[in-house]
Amino acid sequence: MSASLTLVVLMAIMYGTGVYVMLERSLTRFLIGFVLVGNATNLLILLMSGPSGTAPLVTGTASDDRMVDPVPQVLMLTAIVINFGVTAFILALIYRTWWLAQLGDEGDTLSNEHEHDTEEATDAVFHQVDVDDEAVQRALDESNEHSDDEHTTTRKGASE
């Protein structure tokens, strides 16, 4: 089977349009151009893979001469995955630039939410945590659930 002239023309148009759109300054147009170039590459791999035939699952049969080479199929799947990953990255860049554009003069600075906290308030919070830890330790020491005597007697009994 020879390559269809329609698919070759479509691939060339997709490459040309994709490269032209990628040269724009807008990230959204760059994304559209990148997707077009990626799909044109997949079409190129499909066209160059050779004639169609049987699936390359079972060898040693009479249909071995009509079997398709699986390498172009693997290359196309790899190209799809790479295209998807780079598209996701470009979408993240587009979102980040949009977000920074919405902030205006504030830019990428972070607000200090603890600006009005005093040292006394911070010490009071940590003091309360220390008091809670001491209360838990006292409750554990006073409980008879696990006394040290039980552990030592069971250990001695197990070792003898």
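Notes on the model. I am working with a predicted model, in which local features need pLDDT of at least 70 and side-chain atom pairs count only at pLDDT 80 or more, while totals for chains, interfaces and linings use all residues. Residues are numbered from 1 along each chain as its sequence is written, and side-chain values use heavy atoms, with hydrogens and water left out.

Overall fold. I noted 5 helices and 0 strands for the chain, and from the N terminus on the elements run α-α-α-α-α. Of the 160 residues of the chain, 14% count as buried; here buried means under 20% relative accessible area, exposed over 50%, and partly exposed in between (1.4 Å probe, protein chains only).

Core. I then returned to Ala 40, which is buried because its relative accessible area is 0%, and I found its C-alpha atom separated by 5.1 Å from that of Met 11, 29 residues apart along the chain. Ala 40 and Met 11 both belong to the largest nonpolar core, whose 5 residues also include Met 14, Leu 43 and Leu 47; such a core is a set of buried Ala, Val, Leu, Ile, Met, Phe, Trp, Tyr and Cys residues joined through side-chain atoms within 4.5 Å. The elements that give two or more residues to this core are helix H1 (5–22) and helix H2 (27–48), and H2 gives the most, with 3 residues.

Asn 42. In helix H2 I also looked up Asn 42, which counts as buried because its relative accessible area is 10%. Asn 42 and Met 76 are 34 residues apart in sequence, and their C-alpha atoms are 5.7 Å apart in space.

Tyr 95. I placed Tyr 95 in helix H3 (residues 71–103) and recorded that Tyr 95 is exposed, since its relative accessible area is 52%.

Surface patches. Leu 5 lies in helix H1 and is exposed, with a relative accessible area of 65%. Leu 5, Val 8, Val 9 and Ile 13 together form a nonpolar surface patch with about 360 Å² of accessible area. I also noted a negative surface patch formed by Asp 130, Asp 132, Asp 133 and Glu 134, of which Asp 133 lies in helix H4 (residues 119–142). Patches are made of residues with over 30% relative accessible area and no salt bridge, like charges being joined within 9 Å and nonpolar side chains (Val, Leu, Ile, Met, Phe, Trp, Tyr) within 5 Å. A salt bridge is a side-chain nitrogen of Lys or Arg within 4 Å of a carboxyl oxygen of Asp or Glu, and accessible areas come from the Shrake-Rupley method with a 1.4 Å probe.

Notes:
Lys, Arg positive; Asp, Glu negative; His and termini not counted. Charge placed at Lys NZ, Arg CZ, Asp CG, Glu CD. Helix = DSSP H or I, 4+ residues; strand = E, 2+ residues; numbered from the N terminus.
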